[in-house]
Amino acid sequence: MNTTKLRPSLNHLIARNDVVFRLSRRLLHEGPDTVKELLDRHIVKKDKSIDSEEDELLTRRRLSSTRREALSLYRDILRATRFFMWPDSRGVLWRDVLRENARREFELARFETDPEIVTRLLIGGREAVQSAIDKLVEKQKQLVEKERGEGGGDRR
């Protein structure tokens with residue numbers, strides 16, 4: 001195999017892997033730092049006695065925060081899908097399939113009012129995005145190692 005043809009594709013894989021890794025690191029640091037912090041922010045605590053005005057203000061803040069986090073998650077999903085550029089069995093790009101599914105999931109949960117369910121959906125969504133990116137990074141690393149292994153054997 002010609003190593004001059006391998007070298008550009010290897011450099012391309014390494015560069016793509018670096019972009020995916022940086023996206024992965026960035027996604028980890030957006031939003032709340034821990035699941036406990038996310039739950040504390042969204043779970044309604046019944047033991048406090050607050051008058052109706054303060055309760056309404058707290059509810060508005062909570063909904064605003066939830067909305068921001070949902071939009072942030074949706075944007076992160078759209079950013080992460082940029083790396084899924086191969087077609088499925090029907091010839092449709094995985095990027096488009098993932099985006100359609102994300103849109104459908106968000107539309108189904110659009111009018112959910114229970115804070116516990118919303119929080120679970122947000123946590124599940126973050127975990128799913130992170131898991132997909134981690135798997136993609138691992139696969140890219142395997143491809144790079146495979147390319148390096150094949151390239152190293154041709155030099156002899």
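Q: What is the secondary structure of the chain?
A: Five helices and zero strands. Helices here are DSSP runs of H or I with at least four residues, strands are E runs of at least two, and both are numbered from the N terminus. This is a predicted model: local features need pLDDT of at least 70, side-chain atom pairs count only at pLDDT 80 or more, and totals for chains, interfaces and linings use all residues. Residues are numbered from 1 along each chain as its sequence is written, and side-chain values use heavy atoms, leaving out hydrogens and water.

Q: How many aromatic pairs?
A: Two. Rings of Phe, Tyr and Trp (its six-membered ring) pair if their centres lie within 6.5 Å; planes under 30 degrees apart are stacked, over 60 edge-to-face, the rest tilted.

Q: What about Y74 and F106?
A: Their ring centres are 5.0 Å apart and the planes sit at 70 degrees, so the pair is edge-to-face. Y74 lies in helix α3 (residues 52–80) and F106 in helix α4 (residues 94–108), 32 residues apart.

Q: Is Y74 buried or exposed?
A: Buried, at 18% relative accessibility. Buried means under 20% relative accessible area, exposed over 50%, partly exposed in between (1.4 Å probe, protein chains only). F106 is partly exposed at 26%.

Q: And which type of pair do F84 and W86 make?
A: Tilted, because the planes are at 50 degrees, with centres 5.5 Å apart. F84 is buried at 13%; W86 is partly exposed at 36%.

Q: Switching topic, how much of the chain is buried?
A: Of its 156 residues, 26%.
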